[in-house]
Amino acid sequence: MLTFALPTGRSLDSCVDILARAGLPTAKLKEAGRNLVIEEASFRYLLSKPSDVPAMVHYGAADLALAGNDVIEEAGIALTELLDTGRGRCVMAVAGPGEMAEKFGGHVSGLMGLKVATKYTRLAEKTFAEWGVQIKLLKLNGSVELAPALGLADCIFDVVQTGSTLKANGLRVIKETMPVSLRLVAGISSVQLRWNSLFGVVDAIEEAVRAA
């Protein structure tokens with residue numbers, strides 16, 4: 001039996017669609033309800049918070065997973081990326097009020113001590129460090145767009161899809177930092193020890209993604 005870790009929330013529908021197009025059994029998965037473990041034919045699906053999916057694979061609870069590369073990078077866990085599905089495309093970006101754009105257009109010294117609101121604290125610190133900027137982090141798990149308006153932060157570091165939520169809160173994208181999409185990943189040990197079992201499934205998913 002092969003075990004897949006899948007994220008709950010808005011990405012789950014895309015995951016189920018990918019698996020169904022690849023010919024994997026998904027009837028029970030589509031009607032999972034509150035069940036977090038679903039077994040169909042020779043597959044087991046573990047439904048988990050998006051931020052926990054990388055750990056499920058890394059520690060061997062799952063052989064394969066579909067997860068956004070934003071949560072993979074934030075987890076800081078070494079996984080083997082097998083495929084970029086191209087689903088759920090968006091960008092990781094720094095966003096803030098219009099006046100913040102001037103600071104980002106100038107010398108990095110003008111950004112020192114910047115207060116940044118985000119749920120991606122590890123990734124934000126790493127990104128700003130690469131720019132040579134030390135920041136003050138405010139970890140928020142939701143409604144990060146409110147932080148600048150409330151005076152809690154100068155800007156935010158978050159995933160942006162359409163930008164409509166930013167606009168509604170008087171913010172705009174200042175700097176895009178990386179593309180984000182759903183990735184098919186496996187644990188390093190699973191690839192080394194179970195590749196013969198994984199190959200057929202991985203190949204079927206890749207063909208389904210290309211045909212979509």
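Select Ala41 to begin; in this predicted model, Ala41 is exposed, because its relative accessibility is 69% and the cut-off for exposed is over 50%. You will find Ala41 in the loop that links β2 (37–40) to β3 (43–48). Check its backbone too: phi of Ala41 is near 50 degrees, a positive value in a residue other than glycine. Most residues other than glycine have a negative phi.

Now follow the chain into strand β3 and pick Ser48. Is Ser48 buried or exposed? Ser48 counts as buried, because its relative accessibility is 6%. Show what surrounds it: leaving aside neighbours within four places in sequence, Ser48 is in contact with Leu6, Pro7, Thr8, Val53 and Met56.

Next comes the interior. Nonpolar side chains tend to be buried together in soluble globular proteins. The largest nonpolar core here has 28 residues, and Phe4, Leu6, Leu19, Tyr45 and Ile205 have the most contacts inside it. Colour β1 (2–7), α1 (12–21), β3, β4 (64–68), β11 (182–186) and α9, each of which supplies at least two residues of this core. Which element gives the largest share? That is α9, with six residues.

Stay there and select Leu19. Not counting residues up to four places away in sequence, Leu19 touches Phe4, Leu6, Leu24, Thr26, Leu29, Tyr45, Leu66 and Ile205. Then look for a second, separate core of 20 residues, with Met92, Phe104, Val133 and Ile135 among them.

Beyond its neighbours within four places in sequence, its contacts are Ala62, Asp63, Trp195 and Leu198.

Gly142 is partly exposed because its relative accessibility is 44%, and Ser143 is partly exposed because its value is 49%. Ser143 has a phi near 55 degrees, a positive value in a residue other than glycine. To finish, draw a distance from the C-alpha atom of Gly142 to that of Ile156: the two are 14 residues apart along the chain and separated by 12 Å.

Definitions and conventions: Residues numbered from 1 in each chain as written. Predicted model: local features only at pLDDT ≥ 70, side-chain atom pairs only at ≥ 80, totals over all residues. Heavy atoms only, no water. Buried < 20%, exposed > 50% of the residue type's maximum accessible area, 1.4 Å probe, protein only. Helix = DSSP H or I, 4+ residues; strand = E, 2+ residues; numbered from the N terminus. Contact = heavy atoms within 4.5 Å. Core = buried A, V, L, I, M, F, W, Y, C linked by side-chain atoms within 4.5 Å.
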